[in-house]
Amino acid sequence: MGTPSLSPGAGLVLSLVLVALWAPCVLGRQPNFIVILADDVGWGDLGANWAETKETPHLDQLAAEGTRFVDFHSAASTCSPSRASLLTGRLGLRNGVTHNFAISSLGGLPLNETTLAELLREAGYSTGAVGKWHLGHHGHHHPISRGFDYYFGIPYSHDMGCTDSPGYNLPPCPPCPGHGTAARVARKDCYTEVALPLYENLTIVQQPVELGSLARSYAEEAARFIQRASDSGRPFFLYLALAHMHVPLTPPEPPAPGRGIYGTSLGEMDALVGRIKEVADSLGKGSTLLWFTGDNGPWAQKCELAGRLGPFVGAWQRQRGGSSAKQTTWEGGHRVPALVYWPGRVPAGRTSHALL
């Protein structure tokens, strides 16, 4: 009774909203917000966190120029619940999202929940979502009905539907069946009977999605949204929910020796974040708060296609087997990277050990 309903990470997000509403007194205008949410990223996937990681120079630079939170936890160790908490500030038991939504799901994030995008739009912000949604894809559960002025992305995870170029997965999935060819359902979770759609607002603009170009499309659309909002003179909130580092992985080039498929894909994600930071900085340093984090830990069952846990593999896992990552309540499942960058407002080169 009387227990606060805010989840730790989402509580920080809502604190940032209060900063945005208060900031005109200090800055002369409301700051922009960019939240970049990586998918299935490991705490050890950032070189700033884990010395063995060499593929993230842009993220490491972001950490050097901002504040790194090393004890930051997502609100859940699976996709939909953590995203629902991020956007509402409420844990799954309170917002009603306790499990992942599926292709066949008719519902989504309950319509009586208020999202961060709705709050910011009421405060005069231009709001955009680019990337994976996974909070309901029918009717009023769509992002356009949940406070976002603009949406470009896929309705759920990119392994939930077939594509013509399925990428790397363990075990692998087949491409979409050809016209007149019976669906080859090699595994139930390959979803060969549904072609993965890509939306712009309410319109499907590509189906099936070309996974090899998806990251580039996300970066381009995010940059366009930022530019449009800047040209309009309104502050903006961009929620960029990446496909990286969820399987299937689709590295942009053949893996370099010693890097492997995962390392090459991680480098692609790092470059994408670097590009978004560059676009944000072009508007004037100090006008945009950029936050990078993850929805949950790596998908350990994917073996070499899964991310790095860093030191968060406990004695139980070492001695008895099993996973300490995604889908578990072990620490590796919910302790995720977190970087906050806001020149002149957030201390640079700082490491925070605060539990968030």
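How many aromatic pairs does the count come to? It comes to eight, where rings of Phe, Tyr and Trp (its six-membered ring) pair if their centres lie within 6.5 Å. The model is predicted, so local features need pLDDT of at least 70 and side-chain atom pairs count only at pLDDT 80 or more, while totals for chains, interfaces and linings use all residues. Residues are numbered from 1 along each chain as its sequence is written, and side-chain values use heavy atoms, with hydrogens and water left out.

**An aromatic pair**

- Trp43 and Phe312 form an edge-to-face pair, 5.1 Å centre to centre with 85 degrees between the planes; planes under 30 degrees apart count as stacked, over 60 as edge-to-face and the rest as tilted.
- Trp43 sits in the loop between strand E1 (32-38) and helix H3 (57-65) and Phe312 in the loop between strand E8 (288-294) and helix H9 (315-320), so the pair ties together parts 269 residues apart in sequence.
- Helices (H or I, at least four residues) and strands (E, at least two) are DSSP runs, numbered from the N terminus.

**Helix packing around H8**

- The axes of H7 (residues 214-232) and H8 (residues 260-282) come within 10 Å and cross at roughly 10 degrees, which makes H7 roughly parallel to H8.
- Axes are lines fitted to C-alpha atoms, for helices over the stretch in contact, with angles from 0 to 180 degrees between N-to-C directions; under 35 degrees counts as roughly parallel, over 145 as roughly antiparallel, 65 to 115 as roughly perpendicular and the rest as oblique.
- On the H7 side, Ala215, Ala219, Glu220, Ala222, Ala223 and Ile226 meet Glu268, Leu272, Arg275, Ile276 and Val279 of H8, contact meaning heavy atoms within 4.5 Å.
- This H7 and H8 contact divides into eight nonpolar, no polar and three charged residues; Ala, Val, Leu, Ile, Met, Phe, Trp, Tyr, Cys and Pro count as nonpolar, Asp, Glu, Lys and Arg as charged, and the others, Gly among them, as polar.
- H3 and H8 have axes that come within 7 Å and cross at roughly 45 degrees, and the two helices are therefore oblique to each other.
- Pro57, His58, Leu59, Leu62 and Glu65 in H3 meet residues of H8 including Met269, Asp270 and Lys277.
- The contact of H3 with H8 has six nonpolar, two polar and three charged residues.

**Backbone points to look at**

- Most residues other than glycine have a negative phi, and most peptide bonds are trans.
- A cis peptide bond, with omega about 0 degrees, joins Gln207 and Pro208, and Pro208 is in the loop between strand E6 (203-206) and H7.
- Another cis bond runs from Val247 to Pro248, with omega near 0 degrees; Pro248 is in the loop between strand E7 (236-241) and H8.
- Tyr191 is not a glycine, yet has a positive phi of about 55 degrees.
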